Amino acid sequence: MGLDIKIPIGLMFSILGIILTILGFITNGDAEMYERSLGHNINLWSGLSMIVFGAFMLLTSTLVKKKKKE
Amino acid sequence: MQTTFSLGTIDWAIILIYFVFVLGIGWTLKKYMKDATAFLEAGRSLPAWVTGLAFISANLGALEVIGMAASGAKYGMMTVHFYWIGAIPAMIFLAIFMMPFYYGSKARSVPEYLKLRFDEKTRGFNAFAFAIMTVFASGISMYALALLAQVIIPMQIDWNFLGIHIGEFDFYLFVSAIIVLVYMVLGGLTSAIYNEVLQFFLIVIGFAPLVIIGLLDIGGWEGLKANLPENMIHTWKVSGSPDANPMGVEWFGILMGLGFVLSFGYWCTNFLVVQRAMAAGSMSAARKTPLIGAFPKMFIPFLVIIPGMIALALTNIGELELPLKEGTMITDFDKVIPVMLMKYMPVGVLGLGLTALMASFMSGMAGNVSAFNTVFTYDIYQSYINRNKPDQHYLKVGKWTTVVGVLVSILTAYVARSFNNVMDFLQLIFAFINAPLFAAFLLGMFWKRTTGHAAFWGLIGGTIAATIHHGLTLPAKATVGVKGGFINVLHTYPSEMAQNFWTAIYAFSTALLLTIVITLVTRRLKSDEDLKGLVYSLTPRIKDDSKYWYQKPGFMAIVAGAIALALSIIFW
């Protein structure tokens, strides 16, 4: 199929990752908010792992591979 | 405790972004949907890792996620039998032995393979049963989604539309149906598969924090063990007798009923999953599809069963109270996942977890609709209603079938809502029809003499045997009716699961015996030439064209089997 699925996956997780990371930074140290997750800033950690995963998907997609060939 | 969620703006934004991507994928795929093959078979062009993840994701619908977490809380570690013994061996068998026939025969569906290998009536029986079953499955998925959405996304909806009252349930049902409809009509099977891959990653990334925080809270695996009864933290050790474990089953029933008949019957013959492998771009990719799926499949229990076990352990030490089923005193284990999400997830990751849950509902629907489309268009419409039309005609029919499939699913969702018994009854009938199916495939693929009459009557006989067995037995503490015993109660099983496993064993054995006997007394109608590519002994051995030894299906199969075995021993 013409669309490489890595592109939408990479984009979506990058965007969601950035949102969660920013949220994590802003709310860092908010004891009340992170009482649920036992004090761990889980938004920051999830966000950062999603950015890494999203970037990995984008970097290995045809988007990048095609450019390299040119 | 009230099971209501307070979602923040961020949570809503995450859900919305997911929907945008789902529809965007469909929209981008639209321009590639030029013929029926592209729409209904994904053009047979997808890479193995995509079809492999879709293969397990199609089965990882919400009913599975919710159901497995509930089983984790009810039965504990034994639930992994549905994975390590109840899926991996069958997936390996499909890849190594059966895929060459499915993919190599150029059959476009499982019923079509039955037509090529046996005859028209065997195909017809399978095609109709499967088509009806998939729309019902899709409807049940929609029903469950709307029900859950009501709980987790509280909204007051009270509209009047042309005199018809529309509440939250109707709203969520229609919104999800429309989204699925749009992306399926735009991108066909490819849309369904791509969204399954997206859903797979969402489930992993969305549920992992839940499991990690939950385990930290309870004190790790040791803490979990300490707060659960001994018979809930083992898999095989407690399966010596039905009394020794909460599932009420013994090792033979697990091994033969679940591990062999039910598992092979599902993973090797159900078109919903087999269709994913058939969409792969090459024979090698098709064979690797179930094998690539097997690796994540083995570890899914840690994402879905462990949360259920943690929930029970927390309940045991008084840190959590699970909600009761409405109007009863029975614990509602189906709410384990939402309750756990609410307990541990702050705004942000909460939206992520809910999105993962919703994604699994939607792809559960879409997966069934995509399988229904193909079987209806090729095996019912093209075979019985309108033959020999140009390809464009079948593309159009495929698109309209999507619309009809979704509409019928909506109807089914309402049936499920108003008549719970009707759904139990239907699922039971489908279970009866499915149980003997693997017998026909096993004999058909490995014994060239097997005839069409034999396969057909074997299926019918097996279905009848399943019905009779169910009618003569009853699980402990159940009342006569849908649960069994409607003919006469000759035997009582310790649990419903034990009864199911044995129904499958009887159905399979009857079908196997009948097919062998009838084959011996009927004339063989298909010559060796006809059966080339359809039967093991008449098909040239496939040489896999993978570049490296570690990419070969044989090697991957051995590794997958070894890991599943190791896991079973570790969690013995």
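**View 1. Residue classes around the largest cavity of the predicted model.** Five nonpolar, two polar and three charged residues make up the lining of the largest cavity in this predicted model. The lining consists of Leu40(B), Glu41(B), Arg44(B), Arg108(B), Leu189(B), Phe271(B), Gln275(B), Met278(B), Ala279(B) and Thr374(B). The volume of this largest cavity is about 50 Å³. Helix H2 (36–41) and helix H11 (271–278) of chain B each contribute at least two lining residues, and H11(B) gives the most, with three.

View 2. The lining of the second largest cavity comprises nine nonpolar residues, with no polar and no charged ones.

**View 3. Helix H12 of chain B, its span and its surroundings.** Helix H12 of chain B covers residues 283–316; its 34 residues should span 50 Å at 1.5 Å a residue, and the end C-alpha atoms, 51 Å apart, agree with this. H12(B) is mostly covered, with 28 of its 34 residues buried.

**View 4. The bend in H12(B) and the residue beyond its end.** At Ile305(B), H12(B) bends by about 35°. A proline, Pro307(B), follows within four residues of this bend. Just after H12(B), Gly318(B) adopts a positive phi of about 75°.

Conventions: Residues are numbered from 1 along each chain as its sequence is written. Chains are lettered from A and ligands numbered from 1 in the order in which they are written. This is a predicted model: local features need pLDDT of at least 70, side-chain atom pairs count only at pLDDT 80 or more; totals for chains, interfaces and linings use all residues. Side-chain values use heavy atoms; hydrogens and water are left out. The expected span of a helix is 1.5 Å times one less than its number of residues. The bend at a residue is the angle between axes fitted to the seven residues ending there and the seven starting there. Buried means under 20% relative accessible area, exposed over 50%, partly exposed in between (1.4 Å probe, protein chains only). On a 1 Å grid over the protein atoms alone, a cavity is a set of points where a 1.4 Å probe fits but cannot get out, and a pocket is an open set with protein on both sides within 12 Å along at least five of seven lines; lining residues have an atom within 4 Å of a point. Grid points are joined across faces, edges and corners, and a volume is the space filled by probe spheres set on the points. Ala, Val, Leu, Ile, Met, Phe, Trp, Tyr, Cys and Pro count as nonpolar, Asp, Glu, Lys and Arg as charged, and the others, Gly among them, as polar.
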